[in-house]
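Let's learn to read a protein model together, one feature at a time. Have the picture open and follow along.

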Amino acid sequence: MTQTNADIFNNIVFNLPKKRDENSVDIFLENTYNDYLNEIKKFGGDLQIQLKTLIPFIENQITLIKESLTSYLQGSPSIAFDILSRALNLLEINDYLPIQKMDLDTFNPTFYRLRISDSKTLDIGQLFHIPFEIREKVSTQRYSIPGFPCLYLGDSIFVCWEELGRPDLNTFYASRFDLSQSKLKFLFFDTFPNEVKKKCFPKKNHEGKLFNLLLPYLCYWPLLAACSLMVKKPNEVFKPEYIIPQLLLQWVVSVQKVDGVVYKSNRIKESKHAMGTFRNVVIPVKTNEPNGICPQLKKKIKLTNPISYQLLIISGNKASPIPVRNNDLHRVMFVEIIEGEKSVYSDTIFGQLESKLGSLPAKYI
């Protein structure tokens, strides 16, 4: 039986994030890329005709990513950065990278940040990025440069909670961040195959449509895959799965063509009981200061005063429920907090906190 393009794109080869097997990260990626090239060469019809001219470009991207990773593992991070920069510059020059501004017309500009603290209260500035004078606290993360402050946000408090390893609810404060007037430009690395499939391979068109969206995606998929590896050994100091995304963040800081990266959380398990975008944002600082926070970012980004769940309960000021809209693609609808159970997000503690934060004014620091 002949496979349709939709059948081919439904192959697990395209699935993200990737969970590494027992192989080293470089061998795992090489095997992943070999499978990827084999699959995309199976596409037929108009898609095959248009993709044929891009295959050499995709193969070059794969070569550069592999060479970058090898250089890093051989102890040459500067060479690794130069090589990956070539790959990124080629994607950017050819307009294949999904770079857009964060605004009300195209994306939900509301994000959140949590901070664990045993203090009775926190002021608004304490929910921004780690201050320059304590940059020693900036550890290695998926998108991070150790010692280099960045502002990390999630598109729901639930995502932030998961990213922090599910801390005690009595230990954190939350603020809402408003990016609607920031005019910041982001690399949107948050598009995964299921979303592409819905748009480009609808039930009535198995051969595919919207090639202006699909073809660029297939070109940057190798880089997206390398940035979407689940950590195999989370308790180890060095995490090879972070090499490529950390180099990508260096490119963001170096070329200054984008202000940050929007990416999917790898900490939330795919489940039929969870429905949401589950996105994170990383925004590197713009300047290097002796202390305080980045003067440029604080002029662009608004946030609310922080609140805790304890304060919300004690105040007796109950938040109104978050309206649930099936067509709202930028809200969390359901989450799986207890394994095997679906929870309506607006009924959870996180939903209640978001509703209350939604009633508080966001302001510049």
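This is a predicted model: local features need pLDDT of at least 70, side-chain atom pairs count only at pLDDT 80 or more; totals for chains, interfaces and linings use all residues.

Q: How do I read a pocket, and what volume does the second largest pocket have?

A: Rolling a probe the size of a water molecule over the atoms shows where empty space is left. On a 1 Å grid over the protein atoms alone, a pocket is an open set of points where a 1.4 Å probe fits, with protein on both sides within 12 Å along at least five of seven lines. Grid points are joined across faces, edges and corners, and the volume is the space filled by probe spheres set on the points. Here, the second largest pocket comes to about 1200 Å³.

Q: Which residues line the second largest pocket, and which lie nearest its centre?

A: Lining residues have an atom within 4 Å of a grid point. There are 40 of them in the second largest pocket, and Ser139, Gln141, Tyr152, Glu163 and Leu164 lie nearest its centre. Two or more lining residues come from each of strand E3 (110-116), strand E4 (150-154), helix H6 (157-163), strand E7 (229-230) and strand E9 (279-284). Those labels are DSSP runs numbered from the N terminus: helices (H or I) have at least four residues, strands (E) at least two. E3 gives the most to this lining, with five residues.

Q: How many of the lining residues are nonpolar, polar or charged?

A: The lining of the second largest pocket splits into 21 nonpolar, nine polar and 10 charged residues. For this count, Ala, Val, Leu, Ile, Met, Phe, Trp, Tyr, Cys and Pro are nonpolar, Asp, Glu, Lys and Arg are charged, and the others, Gly among them, are polar.

Q: How do I read a salt bridge, and how many does the structure hold?

A: Side chains of opposite charge can pair when their charged atoms come close. The cut-off is a side-chain nitrogen of Lys or Arg within 4 Å of a carboxyl oxygen of Asp or Glu. The structure holds 12 salt bridges. One of them joins Arg20 and Glu241 (3.0 Å, N to O). Arg20 lies in the loop between E1 and helix H2 (25-40), and Glu241 in the loop between E7 and helix H9 (243-255), so the pair ties together parts that are 221 residues apart in sequence.

Q: Are Arg20 and Glu241 buried or exposed?

A: Buried means under 20% relative accessible area, exposed over 50%, and partly exposed in between (1.4 Å probe, protein chains only). Arg20 is buried at 13%, and Glu241 is buried at 2%.

Q: What about the salt bridge of Glu22 with Lys232?

A: The closest N and O atoms of Glu22 and Lys232 are 3.2 Å apart. Glu22 sits in the loop between E1 and H2 and Lys232 in the loop between E7 and H9, so this pair ties together parts 210 residues apart in sequence. Glu22 is exposed, at 70% relative accessible area, while Lys232 is partly exposed, at 30%.

Q: Which residue does Glu163 pair with?

A: Glu163 forms a salt bridge with Arg267, with the closest N and O atoms 3.5 Å apart. Glu163 is in helix H6 and Arg267 in the loop between E8 and E9, 104 residues apart. Elsewhere, Asp155, Asp190 and Arg279 are linked in a network of salt bridges.

Q: What does a charged residue without a salt bridge look like, as with Arg113?

A: Arg113, in strand E3, is buried yet has no salt bridge, and the nearest side chain of opposite charge, Glu163, is 10 Å away. Lys and Arg count as positive here and Asp and Glu as negative, while His and the chain ends are not counted. A polar atom of the Arg113 side chain does lie 3.2 Å from the backbone oxygen of Tyr152.

Definitions and conventions. Residues are numbered from 1 along each chain as its sequence is written. Side-chain values use heavy atoms; hydrogens and water are left out. A polar contact is a pair of N or O atoms within 3.5 Å; within protein, one must be able to donate a hydrogen and the other to accept it, and residues adjacent in sequence count only if both atoms are side-chain atoms.
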